[in-house]
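Please examine the sequence and the model shown here. The paragraphs that follow lead through selected features of the fold.

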Amino acid sequence: MTSSNRPDTEVRIVEFHNKYARQFRELNYDWLEKYFTVEPFDRIVLNDPYTRIIKQHGHIFFALMDDDVVGTCALLKHTDMKYELAKMAVLPDQRGRGIGRMLAQAAIDKARALGAESIVLATSDLLPAANHLYMSLGFQHADPSVIGPLPYKRKSIVMAMKLKGRTA
């Protein structure tokens with residue numbers, strides 16, 4: 001994967017297209033391998049995002065600089081009223097530029113547009129920058145039951161954001 005280091009390069013957020021599926025997989029494998037291990041469920045989702053996310057009425061967003069993918073995240077559908085922010089990753093040399101915030105905001109905006117009441121996420125204490133971002137966007141620590149059973153062995157913390165109506 002390549003990226004532009006020009007500070008004046010505009011970042012665009014676009015939704016899933018098959019031509020970006022490889023970058024979705026590679027960006028997520030890279031950060032998972034750095035902080036955790038790639039678990040079986042990760043492999044299933046990352047190796048076939050169209051079937052596992054898009055066909056399940058979810059969404060995947062990409063941050064592009066020029067035509068290069070520099071970040072990604074997914075919005076997984078739990079119910080019509082609840083979505084999950086997941087699989088967010090930004091190229092290491094592009095972190096700190098607000099790209100994660102742009103991706104997360106795109107997912108939040110999409111969940112709102114779809115009429116969701118809440119959005120949840122699973123994160124880790126090992127990711128303080130990501131957790132700071134989530135809290136600055138309005139996520140709060142939540143009981144793990146709001147997200148349901150997680151398919152991972154890694155220790156996770158759960159956050160939720162009320163979009164309208166009831167709490168997650």
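In this predicted model, helix 4, which spans residues 99-113, packs with helix 5, residues 128-137, at an angle of about 45°. The axes of these two helices lie 11 Å apart. Since angles under 35 degrees count as roughly parallel and those from 65 to 115 as roughly perpendicular, helix 4 and helix 5 are therefore oblique to each other. Their crossing is right-handed. On the side of helix 4, the contact is made by Gly100, Arg101, Ala104, Gln105 and Ile108; helix 5 contributes Leu133, Ser136 and Leu137. Sorted by class, the residues in the contact of helix 4 with helix 5 are four nonpolar, three polar and one charged.

Attention may now turn to helix 2, which comprises residues 40-47. Within helix 2, Asp42, Val45 and Leu46 are buried. These residues lie on the same side of helix 2, because the arc they cover around the axis is only 95°.

Val120 is located in strand 5, which runs over residues 118-123. Is Val120 buried or exposed? The relative accessible area of Val120 is 0%, and buried means under 20%, so Val120 is buried. In sequence, Val120 and Asn28 are 92 residues apart; in space, the distance between Val120 and Asn28 is 19 Å, C-alpha to C-alpha.

Terms used. Residues are numbered from 1 along each chain as its sequence is written. This is a predicted model: local features need pLDDT of at least 70, side-chain atom pairs count only at pLDDT 80 or more; totals for chains, interfaces and linings use all residues. Side-chain values use heavy atoms; hydrogens and water are left out. Axes are lines fitted to C-alpha atoms, for helices over the stretch in contact, and angles run from 0 to 180 degrees between N-to-C directions. Helices (H or I, at least four residues) and strands (E, at least two) are DSSP runs, numbered from the N terminus. Angles under 35 degrees count as roughly parallel, over 145 as roughly antiparallel, 65 to 115 as roughly perpendicular and the rest as oblique. A crossing is left-handed if the near helix is turned anticlockwise from the far one by less than a right angle, and right-handed if clockwise. Contact means heavy atoms within 4.5 Å. Ala, Val, Leu, Ile, Met, Phe, Trp, Tyr, Cys and Pro count as nonpolar, Asp, Glu, Lys and Arg as charged, and the others, Gly among them, as polar. Buried means under 20% relative accessible area, exposed over 50%, partly exposed in between (1.4 Å probe, protein chains only). The arc is that of the directions from the helix axis to the C-beta atoms.
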